[in-house]
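Here is a short report on one protein chain. Keep the sequence and the 3D view open as you read.

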Amino acid sequence: MAPHVDLFFYFMLAVSGFFSLLIAGLVVFFLVRYREGRPGSLREAEAAVEQSHGSGTMLLEIVWSVIPLGIAMVMFVWGTTLYFDLARPPADVLQMYVVGKQWMWKIQHPEGPREINELHVPIGRAVKLTMASEDVIHSFSIPAFRVKQDVVPGRFTQLWFEATKAGTYHLFCAEYCGTQHSGMIGHVVVMEPKDYEAWLGGGVPGQTLAQAGEKLFAERACSTCHLPTGQGRGPSLVGLFGSAVKLEGGGTVIADESYVRESILNPTAKIVAGYQPLMPTQQGLVSEEQLVALVAYIKSLSKEPGQPARTAKE
Ligand code: CUA
């Protein structure tokens, strides 16, 4: 996105610069042209005012209204288009999870590897970050990619980018979050796809994020009610993610990350049609990192089109 954002920025800079210079130049010109004591200057000024009330006024006013409106609309449409591009990740993304806390970034790859203050990504793949905060508001910022997104306690926020050049880039927290805010920094390491695969495989062999979620799902006894057969006291979660869920009392909701999160922390907020509000809240019982594991597990129970389930390295 960086070249597109930059082009837009320089366009606005050029327009602002042009009009600033034009106005400042005219101010100086008029100061000199109509200065006190210059012979005939008062008469000239009066004549100019007189003329400006003449018949050409309407045309002049239309021109100086329509042209700025046109320029402002170009900025609006261009800026909005860019904003939507930045806000809407493509369908085929690498999904990663970020948890911000005072004062570090914890990053979780679906294949299992965890990182602190480092994020390894391959070139040429769109990467989507689902982010949560354990304490206060942070902001995940990679200036080189021209992306920044607040990370807010109590909800998921998202950010996506596609790295195009191998290298190491700065990663910042861009929201003052306490005394060590300035130390909440790190690096994004962009690698050739084969190097990335090697990096993934070189980590400590362990469970994937979805497997960690599955373990937690059993430990917290979620599995006793959410039977895959749909015969349990809670609805089956197989094929849930990405589908439209009918709710008790009418209405539907698309089962995305935020819905899954809400249903874990505040189960009575949206009751699935045909079920009782029996589930106890998990608020305070699962950490943000456990939440992303549970979300990854529930996601792994359904195969969205365009988002083939990624398998762990064999
Ligand atoms: Cu986190 Cu500033």
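How many bridges join β6 to β7, and do the two strands run parallel or antiparallel? Five bridges join them, and the strands run antiparallel.

## Ground rules

This is a predicted model: local features need pLDDT of at least 70, side-chain atom pairs count only at pLDDT 80 or more, and totals for chains, interfaces and linings use all residues. Residues are numbered from 1 along each chain as its sequence is written, and side-chain values use heavy atoms, with hydrogens and water left out.

## The whole chain

The protein chain has seven helices and 12 strands. Both kinds of element are DSSP runs, numbered from the N terminus: helices are H or I with at least four residues, strands are E with at least two. The radius of gyration of the chain is 28 Å, well over the 20 Å that the globule rule gives for 314 residues, so the chain is more spread out than a compact globule. That radius is taken over C-alpha atoms, and the rule is 2.2 Å times the number of residues to the power 0.38. Along its principal axes, the C-alpha trace spans about 95 × 50 × 40 Å.

Of the 314 residues, 35% count as buried. Buried means under 20% relative accessible area, exposed means over 50%, and partly exposed lies in between (1.4 Å probe, protein chains only). Now take the contacts in the chain with a separation of 6 or more: residues 24 or more positions apart account for 64% of them. A contact means heavy atoms within 4.5 Å.

Strands of a sheet pair through backbone hydrogen bonds, either parallel or antiparallel. Here, two strands pair if DSSP finds at least two bridges between them. Axes are lines fitted to C-alpha atoms, for helices over the stretch in contact; angles run from 0 to 180 degrees between N-to-C directions.

Look at β6 (residues 138-142). Five of its five residues are buried. On one side sit His138, Phe140 and Ile142; on the other sit Ser139 and Ser141. β6 pairs with β9 (residues 167-173) in the antiparallel sense over two bridges, and Phe140 stands opposite Cys173 in β9. In β7, the bridge partner of Ser141 is Lys148.

## The other five-strand sheet

Another open sheet of five strands has the order β3-β2-β1-β5-β8, again with mixed pairing. Its edge strands are β3 (114-116) and β8 (157-162). The twist averages 25° from one strand to the next. β1 (residues 94-101) and β2 (residues 104-108) run antiparallel, joined by five bridges. Val98 stands opposite Ile107 in β2.

Gln108 counts as buried, at 7% relative accessibility. Beyond its neighbours within four places in sequence, Gln108 is in contact with Met96, Tyr97, Pro113, Arg114 and Leu209.

## A covered helix

Helix α6 (residues 257-265) is mostly covered, with seven of its nine residues buried. Among them are Tyr259, Val260, Ile264 and Leu265. The buried residues of α6 pack against β1, β5 (126-133), β8, β11 (244-246), β12 (252-254) and α7 (288-300).

Most residues other than glycine have a negative phi, and most peptide bonds are trans. The bond from Gln102 to Trp103 is cis, with omega near -5°. Trp103 is in the loop between β1 and β2.

β6 and β7 form a hairpin with four residues between them, and Arg146 in the turn has a positive phi of about 60°. Arg146 is partly exposed, at 34% relative accessibility. Ala221 has a positive phi near 65°. Ala221 lies in the loop between α5 (209-219) and β11 and is partly exposed at 37%.
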